[in-house]
Amino acid sequence: MEIPAKYDPSGIENKWYQYWLDNRFFHSAPDEREPYTIVIPPPNVTGVLHMGHMLNNTIQDVLVRRARMQGKNALWLPGTDHASIATEAKVVAKLKEEGIEKSSLTREEFLAHAWEWKEKHGGIILEQLKKLGASCDWERTKFTMDESMYESVIDVFIDLYNKGLIYRGVRMVNWDPKALTALSDEEVIYKEVKSKLYYVRYKVEGSADEWVTIATTRPETILGDTAVCYHPEDERFKHLAGKRVLVPLVKRSVPMIADEYVDREFGTGCLKITPAHDINDYNIGLKHNLESIDIFNDNGTLNEKALLYTGQDRFAVRERIVEDLLNHGHILKIEDYVNNVGFSERTDEVIEPKLSVQWFMKMGEMAKPALDVVMNDTVKFHPEKFKNTYRHWMENVRDWCISRQLWWGQRIPAYYLKTGEVIVAKSAEEALEKARILTGNTALLPQDLRQDEDVLDTWFSSWLWPISVFDGIRNPGNPDIKYYYPTNDLVTAPEILFFWVARMIMAGLEYQHDIPFKNVYLTGIVRDKLGRKMSKSLGNSPDPLELISRFGADGVRVGMLLTSPAGNDLPFDESLCEQGRNFSNKIWNALRLVKGWTIDPELPQPAYATVAVQWFESRFNDALAQIEENFSKYRLSEALMAVYKLVWDDFCAWYLEMVKPGYQQPIDPATMSATTAFFGRLMQVLHPFMPFITEEIWQLLRERKPGESIMVSAIPVSGTFDAALLSAFEHAEQVVIGIRNMRKEKNIAFKDSIELLIKGENPASAYDEVVAKLGNVSALNYVDEKPSAAAGFLVKSTEYYIPLSEGVDLDAERDRLQKELDYMQGFLESVMKKLGNERFVSNAKPEIVDNEKRKQADAEAKIQLLRSQLEELK
């Protein structure tokens with residue numbers, strides 16, 4: 001069969017992906033095999049593939065493909081998240097472009113538009129994942145708003161409400177004025193912002209000219225002040241106890257209060273208290289029974305309660321009120337100030353603390369068992385360092401605000417009577433029945449009940465993901481949940497460790513009485529060469545599909561994984577993908593070389609090939625043991641590098657060179673058979689990382705039956721290896737490199753055979769035939785004395801010499817040797833300085849000191865050899 005000169009990934013990738021789909025290799029159903037399960041972290045339906053997705057999904061695919069080849073019943077279950085805030089924002093924006101305001105639509109009309117948008121755009125990212133080679137069971141694709149998933153969320157809400165873990169109340173929440181919804185604490189991103197600190201004077205009521213000065217970064221909230229507070233032990237303000245002050249501009253009379261919360265060192269030691277617009281002020285307000293004045297509309301403009309600036313945006317008001325305060329003599333000074341400001345994770349809008357009626361979930365009860373299973377390694381984190389972050393979060397957990405002021409999402413199953421009673425029920429019919437029983441009024445009609453307008457936080461559906469995708473909430477004993485749960489590995493980002501990972505553990509323990517996964521692999525952030533996080537806004541993130549088009553999916557996968565140890569950021573560079581593509585080309589060229597050999601069935605196996613086969617078998621098993629250990633410790637980057645070196649260095653650079661026949665010469669059948677078998681096994685080990693090229697080569701190495709595939713073949717497992725044989729080869733490798741260097745230095749063409757003389761013990765004697773072949777050595781002899789007129793080199797303590805022909809420039813050789821001697825003497829001097837430093841010797845690790853002593857011994861031996869060689873050439 002004619003193999004193309006160049007590897008063309010595009011056609012091959014499409015061909016094999018379709019072949020895998022046609023043969024349903026990705027599909028899984030419960031059977032007698034050991035299950036291996038990964039549930040995808042569901043990307044938002046609004047999303048398109050970005051570099052973080054590439055990294056995360058490549059890792060998942062490596063794990064699931066390897067498990068499949070280990071004979072496990074591997075399932076990688078895909079799906080998408082409805083992403084309430086992001087999707088609703090997209091739909092609202094689309095409607096605006098069409099001249100339609102959300103406020104002009106009924107809920108049902110708006111949801112029809114949302115579903116239409118989802119059907120058109122929602123599957124884009126999953127289709128893009130196929131280009132990457134993702135081996136998901138697409139037949140099992142889930143969406144968090146699927147009927148079964150929706151119903152599961154509602155069932156859990158009702159159950160937790162009935163258990164007293166969900167409640168409704170007025171609390172201070174994080175309000176997003178752009179998305180017009182409450183957010184949980186975890187959805188707020190804090191950023192350092194350059195602000196101003198304003199020192200504002202409040203006049204003491206009833207005094208002629210006594211003032212109290214406070215410091216604030218948010219002067220616009222002065223209009224909602226209901227007290228001024230000082231520390232009870234602060235002597236500067238004790239005389240103000242029981243007095244009142246006037247809020248600037250609006251002249252509202254508010255009390256002076258004392259509370260230990262105040263930091264006497266900050267600002268002036270006095271705080272303005274605005275209970276409606278700061279969580280700490282809110283708590284002080286509750287404690288001191290203060291009035292709470294909410295001066296903001298939901299969109300961040302000021303309302304009539306502010307008395308001034310009604311209808312104007314909060315940040316415009318900040319500029320105006322500062323000007324007015326200055327004009328009225330209320331501002332003493334303004335300082336530059338850096339503070340942490342909360343931003344909405346979804347819209348990047350500055351968060352406004354706001355008093356609001358919301359639904360909350362109590363987290364304290366669930367947090368402790370979810371903390372225990374991580375701290376005792378029932379659920380293992382890779383890397384372990386994130387256990388401390390997790391513990392800090394779980395020990396300081398707050399109640400979860402689970403209601404969102406949106407229409408897209410699972411609607412809260414709460415119904416209100418006109419008299420104020422709340423009925424939580426699965427349907428309007430069930431709520432009506434419950435209301436009639438509760439009130440004793442059988443004449444109640446459906447219109448007497450009003451369902452809550454809010455939907456549940458998106459995370460309230462995704463925290464059930466490992467259970468609900470198998471219908472484990474509605475049908476807890478079904479065959480899928482019993483077989484696939486708990487799942488094996490979760491691959492996700494550290495920034496959603498609490499958002500998602502912790503909550504899934506809580507839900508798993510609550511509803512399945514078992515952990516949802518055994519291992520959590522936490523990826524790093526993909527960054528550019530300057531260390532910046534890749535993002536659309538910075539314009540520093542390449543298009544993943546364009547990368548795949550240029551370098552091939554296998555090349556991009558290798559590029560993503562080469563420098564992505566768990567938990568550490570990935571300093572991404574396109575040259576990594578280029579390295580991956582070059583690796584593909586290297587393997588392809590190796591295939592063309594091997595398939596170009598002709599077999600002579602009568603030819604016996606040469607001695608050099610016999611030892612080469614023995615060596616590679618040992619080297620292969622040695623490398624497999626390292627690869628398997630790396631996988632067991634979730635060191636995927638190191639596992640890939642071990643496979644990379646085994647293929648590129650050991651197989652292509654050494655083994656194939658050792659066994660390849662002479663130009664236009666045939667190869668013996670035994671060596672060809674061994675080589676083809678090695679090549680196939682290497683492709684199997686490499687397949688999880690590079691699925692496309694490995695399938696192509698595996699299929700080309702020998703004739704396969706229809707329906708056969710490398711992805712369902714058995715991955716090789718490590719066997720015994722001969723450590724002495726491997727050690728001897730390392731020595732032989734250095735001898736061959738030494739010969740090649742000598743040929744280069746002495747200008748001896750490779751076609752000209754040479755004699756190699758060996759003085760001393762030769763640990764690589766088993767490889768003499770290999771050394772002779774790779775170095776074009778016509779005669780390999782052992783000597784007791786240093787030969788005259790010969791160039792030499794040292795490998796460990798063994799001396800190797802190549803007799804020089806009369807045509808060699810002896811002056812140039814002497815000059816070369818002298819330069820090498822000078823260098824080695826300088827090197828020895830630097831080593832001796834280190835070893836002569838008592839502080840270094842006493843403080844350094846013993847192995848480091850031993851290494852320096854080995855350097856000393858090697859340098860001394862080389863210096864002695866170089867001096868002898870110079871002496872011979874005098």
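Me: In this predicted model, which residue in S27 stands opposite Ile 758?

Reply: In the predicted model, the residue opposite Ile 758 is Tyr 782 in S27. Strand S26 covers residues 754-759, and six bridges join S26 to S27. These two strands run parallel.

Me: Helices may also lie against these strands. Which strands does helix H23 touch?

Reply: Helix H23, residues 723-746, packs on the sheet and touches S26, S27, S28 and strand S29 (798-803). The direction of H23 makes about 150° with that of S28. Helix H24, residues 768-775, lies across S26 and S27 and runs at about 135° to S27.

Me: In what order do the four strands of the open sheet stand?

Reply: The order is S27-S26-S29-S28, and the pairing is mixed. Strand S27 (777-783) and strand S28 (790-795) each have a single partner strand, so one side of each is left without a neighbour in the sheet. From one strand to the next, the twist averages 25°.

Me: Which residues of H18 and H22 meet?

Reply: From H18 come Ser 584, Ile 587, Trp 588, Leu 591 and Lys 595; from H22 come Ile 693, Glu 696, Ile 697, Leu 700 and Leu 701. The residues of this contact comprise seven nonpolar, one polar and two charged.

Me: Which residues touch the most other members of the largest nonpolar core?

Reply: They are Phe 460, Trp 463 and Tyr 655, in a core of 192 residues. Helix H20 (residues 636-659) gives the most to this core, with 15 residues. Leaving aside residues up to four places away in sequence, Phe 460 touches Val 153, Val 156, Phe 157, Leu 160, Ile 166, Met 361, Trp 400 and Ile 402. Another core, of 29 residues, lies apart from the largest one; Val 212, Val 245, Val 250 and Val 322 are among its members.

Me: Is Leu 77 buried or exposed?

Reply: A residue is buried when its relative accessible area is under 20%. Leu 77 has 0% relative accessibility, and therefore counts as buried. Leu 77 belongs to strand S2, residues 73-77. Among the residues that Leu 77 touches are Ile 38, Val 39, Arg 140 and Phe 470. The C-alpha atoms of Leu 77 and His 27 are separated by 9.4 Å, although these residues are 50 residues apart along the chain.

Conventions: Residues numbered from 1 in each chain as written. Predicted model: local features only at pLDDT ≥ 70, side-chain atom pairs only at ≥ 80, totals over all residues. Heavy atoms only, no water. Pairing = 2+ DSSP bridges. Axes fitted to C-alpha atoms, helices over the stretch in contact; angles between N-to-C directions. Contact = heavy atoms within 4.5 Å. Nonpolar A, V, L, I, M, F, W, Y, C, P; charged D, E, K, R; others polar. Core = buried A, V, L, I, M, F, W, Y, C linked by side-chain atoms within 4.5 Å. Buried < 20%, exposed > 50% of the residue type's maximum accessible area, 1.4 Å probe, protein only.
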